Amino acid sequence: MLRWAHGQEWSAHPVFRLSNRGIPVTTAVLDAKGLSCPLPILKAKKALQGVPAGGLLEIYATDPGAVKDFEAFCRATRNELVASSREGNVFKFVIRRLN
Amino acid sequence: MGMTPDTALLDDLIKRRLDEILPQKLEEKLAELREKKTASMTIIATKGTLDWAYPPFILASTAAALGWNVSMFFTFYGLNLLKKDISDLKVSPLGNPGMPMKMPFGPDWFRGINWNIPNVIEAGVPGFESLATVLMKQTIQNKGVASIPELRSACVEAGVNLIGCQMTVDLFGFTHGDFIPEVKEYVGAATFLPMARDADVSLFI
């Protein structure tokens, strides 16, 4: 399910967050929890198409393979993997769309 | 050959200098070209069962998500994967000792049992294949693995080039109307091979 950060449907207004440079950044959120390879990547690719250049996509996943897969995905698609972290068995990735 | 000692010396110098510089230059240039070039992959899909439908569709959809150009050539039983309705693909445990036989329901200790069912039962019990398929589909759903129709749609959406083998269409008595309209063309080996030659990755599955 693709949602904007404040829980509205994907087509609703984006949420604006302040980046560390104080510039508002559009953040979309993708919940890929419980999905296995290659679904998190396929859904992230799709979600990124709706993110404006420079915008962020937050992804939550439970597939342990996603850690390496998102690194490779960002390298191959020339997007920036801003953060990759883990809390319990949920992995969180933040991707900045560069192209 | 009419060379003066001077030109011979010069030639020798140039040759030695080129040997020094060229390998590094070439490597840099190749890396640069590789970086710029869009990667491509061709896959030959030859199997028409539920389990063997996964590798080609997973690899094709993922490669497309990475921005690669992908072409899939469906031949023999692989042509099954292009049919309009692929929700009825089956998996057979018969003669497949590599397939774990575990139940997708019940308490953990029960799910952990690997049922070692003899071939003679798998072959002799009517509907055994259908039962195994139902259990496999339940396992796929439980584990959050994509369904085959879902993966194929992802390929279609991402613009993966789907190609059917015309010889197989004739051999098995199919018509083009049996397959999804997204199949771009029905061709033979002579069309596929040059595509495979130019691809960075080419797989036979």
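Predicted model: local features only at pLDDT ≥ 70, side-chain atom pairs only at ≥ 80, totals over all residues.
Helices (H or I, at least four residues) and strands (E, at least two) are taken here as DSSP runs, numbered from the N terminus. With that convention in place, let me turn to a residue of chain A. Gly88(A) sits in the loop between strand E5 (80-87) and strand E6 (90-96) of chain A. Is Gly88(A) buried or exposed? A residue is called buried if 20 or more other C-beta atoms lie within 10 Å of its own, exposed if 12 or fewer, and partly exposed in between, with C-beta atoms placed from the backbone. Gly88(A) counts as exposed because it has 6 C-beta neighbours inside 10 Å.

Residues are numbered from 1 along each chain as its sequence is written, and chains are lettered from A and ligands numbered from 1 in the order in which they are written. The model scores ipTM 0.73 and pTM 0.79. For chain B, the mean pLDDT (the predictor's confidence in each residue, from 0 to 100) is 91, and 99% of its residues reach 70 or more.

Eight helices and five strands make up its elements, and from the N terminus on they run α-β-α-β-α-α-α-α-β-α-β-α-β. The domain assignment (bounds from an automatic or database assignment) gives domain 1 (7-37) and domain 2 (39-204) of chain B. How far apart are the centres of these two domains of chain B? Taken over C-alpha atoms, the separation is 47 Å.

As to overall dimensions, the C-alpha atoms of chain B fill a box of roughly 90 × 45 × 35 Å along the principal axes. Of the 205 residues in chain B, 23% are buried.

Finally, contacts. Two residues are in contact if their C-beta atoms, placed from the backbone, lie within 7 Å. Within chain B, among contacts between residues at least 6 apart in sequence, 77% join residues at least 24 apart. Between the chains, eleven residues from chain B meet eleven residues from chain A. On the side of chain B that touches chain A, the largest share, four residues, comes from helix H2 (residues 50-65) of chain B.
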